[in-house]
Amino acid sequence: MIGMSKVNKFLGSDIDIAQAVYPQHALHIDEVAKKASIPSDYIEHYGKYKAKVDYNYLAKSHDKKDGKLIVVTAINPTPAGEGKTTTTVGLSDGLAHIGKKVMVALREPSLGPVFGVKGGAAGGGWAQVIPMEDINLHFTGDFHAIGAANNLLAAMIDNHINHGNKLGIDSRKILWKRCIDMNDRQLRFITSGLGGKANGTPREDGFEITVASEVMAILCLAKDIDDLKERLGRIVVAYTYGKQSDGSEKPVRASDLNAQGAMAALLKDALKPNLVQTLEGTPAFIHGGPFANIAHGCNSVMATKFALKCADYVVTESGFGADLGAEKFLDIKCRLAGLKPSAAVIVATVRALKSHGGVPKADLEKENLAALEAGLPNLLRHVENITKVFKLPAVVAINAFPKDTKAELDLVESKCRELGVNVALSEVWAKGGEGGARLAEEVVRLCEQGNDFDYCYDVNLSVKEKIETIAKRIYRAESVNILPDALKQIAQIEKLGMDKIPICMAKTQYSFSDNPSLLGAPTGFTLTVRGVKLLAGAGFIVALTGEIMTMPGLSAIPSAEKIDVDNTGKISGLF
């Protein structure tokens, strides 16, 4: 434990705790690599406490036995907070605390949420990854490389049109947007190419946040550099003016523009997983970061597969609630990468369950068993989905708050036991690995059971059938209404022969339904699909429900207003 005995475990802000450990008590990154059994020849240093790992090491390790894969998920998010990343990091430290060889694999934070409302994504309290400031701000430059590759492709599309448009690209049917890793609503819809012929062709355009780019999804699903190039080449960027013989629109791919080679060149270092450590010196891969409500919401396949060769237990996280992140982790990432999880952890707080039961945020610290019981169905449905639909052993981790009462905790435990699922109190925020030991022991027990892991749907079903299966099995929708535009888009995908791939539901994270205000465990609702989008490079189809923004905006008082740096370079205000 990296000299942690020298550190008094005070309770303060996340950044204060992180700065009490880093850098004076942190392991040199070479020591972290040694813990993970990664040879020094494959380590590329980014200073003393960060490194990238050469992806050629994965090819050299193919004979090594894989460790056990544990996915951490949660109930539907609420303003009360659930602490999923904190639990993920704390569980990994808890496994190390009980003597297991473990790694944690997380997504990289986007600058948009860091400067917005959500804050960073490095964990919290005494369950964090470090260097917290670097991880939340720029890190090793992966997101900048992804943005550059995305925008190179955008520039090549418009350049092709400007120089004669031999492919016949219809500028009204360009699908590819530019991107920036920032919440900036002003860029959602723009007009570009103004100023005369020398400055391009005028057209409507727009930006997405980098984590919504298909390039991000591709990087996270690519298994090596050749696979990366092939996926980049498959990206459908636009359609032409004419129709094909079967009446369908003719797609234009990145490969038609010969863009994939240069894009891959920009991404060659970004493809390498980033190695850091937890506050307690547990090795951590932090790599990739697609949003979970508009993409598949998981860290990279590369990092996960690396970790499985480096540790006996690998703890990873999927974004938002289990209806989004875990479903996509299991149905998309595990399916495409050939991964089989050993167990799942479903994170909840008593406060968040009372929020699902209708209690306003100001009253969440008061004991309220009636509201807790009213909110519990949200947790129980996620438990049932994981254990009955995906057939994975699971444990509920209650992320403890000081004002949780024994009666409330007992109620959660009794209701979960009715479904045959244990509950473990997680005190990792206050105690680090020691506070995650009980959860770790239960996870080890579950991993030894074996399981009959299955997917939610057969990938060879029609697009409509796959959407309906997710909506009814996971969300418990009564029916699905696919609007006419979406039906036309499905027909186009079918004509392209790209329909036998997974579905990625773009849906609000706050509810099982497509209505963010419908909390708890709603039934009897109709899920409306307003659009369907083919991400041919990533290898999945996005079904758009509700009002999902691919470029968020900042709040009235963004977190950016509180972030500062002093003349020594010490950053404050991050959380």
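Which side chain does a polar contact of 2.7 Å join to that of histidine 287? I looked it up, and the partner is serine 300. Before going on, I note that this model is predicted.

**Entry 1: histidine 287**

I found histidine 287 in the loop between strand 15 (283–286) and helix 11. Buried or exposed, I wondered? Histidine 287 has a relative accessible area of 0%, so I put it down as buried. Besides the contact with serine 300, the side chain of histidine 287 reaches the backbone oxygen of lysine 272 at 3.4 Å. I also checked asparagine 136, which is 151 residues away from histidine 287 in sequence. In space, the two are 12 Å apart, C-alpha to C-alpha.

**Entry 2: threonine 304**

Next I went to helix 11 (residues 301–310), where threonine 304 has its place. Threonine 304 is buried too, with a relative accessible area of 0%. What does its side chain touch by a polar contact? I found the side chain of lysine 333, at 2.7 Å. Leaving aside neighbours within four places in sequence, I listed Leu69, Asn299, Lys333 and Leu339 as the contacts of threonine 304.

I then looked at how helix 9 sits against two other helices. Helix 8 (residues 214–221) packs with helix 9 at an angle of about 150 degrees, and their axes are 9 Å apart. The two are therefore roughly antiparallel. Their crossing is right-handed. From helix 8, I noted Val215, Ile218, Leu219 and Leu221, which meet Asp227, Leu228, Arg231 and Leu232 of helix 9. By class, I have 6 nonpolar, no polar and 2 charged residues in that contact.

Helix 9 (residues 225–234) also packs with helix 10 (residues 260–267), at about 135 degrees and with axes 9 Å apart. That angle makes helix 9 oblique to helix 10. I logged this crossing as right-handed. Which residues meet here? On the helix 9 side I found Ile225, Leu228, Lys229, Leu232 and Gly233, and on the helix 10 side Gln260, Met263, Ala264 and Leu267. The contact of helix 9 with helix 10 has 6 nonpolar, 2 polar and 1 charged residues.

**Entry 3: helices 14 and 15**

Helix 14 (residues 369–389) and helix 15 (residues 406–417) pack at about 35 degrees, and I read 10 Å between their axes. Helix 14 passes helix 15 in a right-handed crossing. Leu369, Leu372, Glu373, Leu376, Leu379 and Leu380 come from helix 14. They meet Ala407, Glu408, Leu411, Val412, Lys415 and Cys416 of helix 15. I sorted the residues of this contact into 9 nonpolar, no polar and 3 charged. A reminder to myself on such lists: an α-helix has 3.6 residues a turn, so residues three or four places apart point the same way.

Which residues of helix 18 (residues 463–473) are buried? I wrote down Val463, Lys466, Ile467, Thr469, Ile470 and Ala471. The buried residues of helix 18 pack against several elements, including helix 12 (322–337), helix 19 (484–495) and strand 22 (526–535). Strand 20 (479–482), strand 21 (503–506) and strand 23 (540–545) are also among them.

Serine 426 turned up in strand 19 (residues 422–426). It is buried, at 1% relative accessible area. Apart from neighbours within four places in sequence, I see serine 426 in contact with Thr87, Ile398, Asn399, Ala400, Gly435 and Leu439.

Most residues other than glycine have a negative phi, and most peptide bonds are trans. I went looking for exceptions. A cis peptide bond joins tyrosine 22 and proline 23, with omega about 5 degrees. I placed proline 23 in the loop between helix 1 (14–21) and helix 2 (29–35). The bond from isoleucine 130 to proline 131 is cis as well, with omega near 5 degrees. Proline 131 is in the loop between strand 6 (127–130) and helix 6 (132–136).

For phi, I picked out serine 37, with a positive value near 60 degrees. Serine 37 sits in the loop between helix 2 and strand 1, and at 32% relative accessibility it counts as partly exposed. Phenylalanine 320 has a positive phi of about 55 degrees; I found it in the loop between strand 16 (313–317) and helix 12.

Key:
Residues numbered from 1 in each chain as written. Predicted model: local features only at pLDDT ≥ 70, side-chain atom pairs only at ≥ 80, totals over all residues. Heavy atoms only, no water. Axes fitted to C-alpha atoms, helices over the stretch in contact; angles between N-to-C directions. Helix = DSSP H or I, 4+ residues; strand = E, 2+ residues; numbered from the N terminus. Parallel < 35°, antiparallel > 145°, perpendicular 65-115°, else oblique. Left-handed = near helix turned anticlockwise from the far one by under 90°. Contact = heavy atoms within 4.5 Å. Nonpolar A, V, L, I, M, F, W, Y, C, P; charged D, E, K, R; others polar. Buried < 20%, exposed > 50% of the residue type's maximum accessible area, 1.4 Å probe, protein only. Polar contact = N/O pair within 3.5 Å; in protein donor to acceptor, adjacent residues only side chain to side chain.
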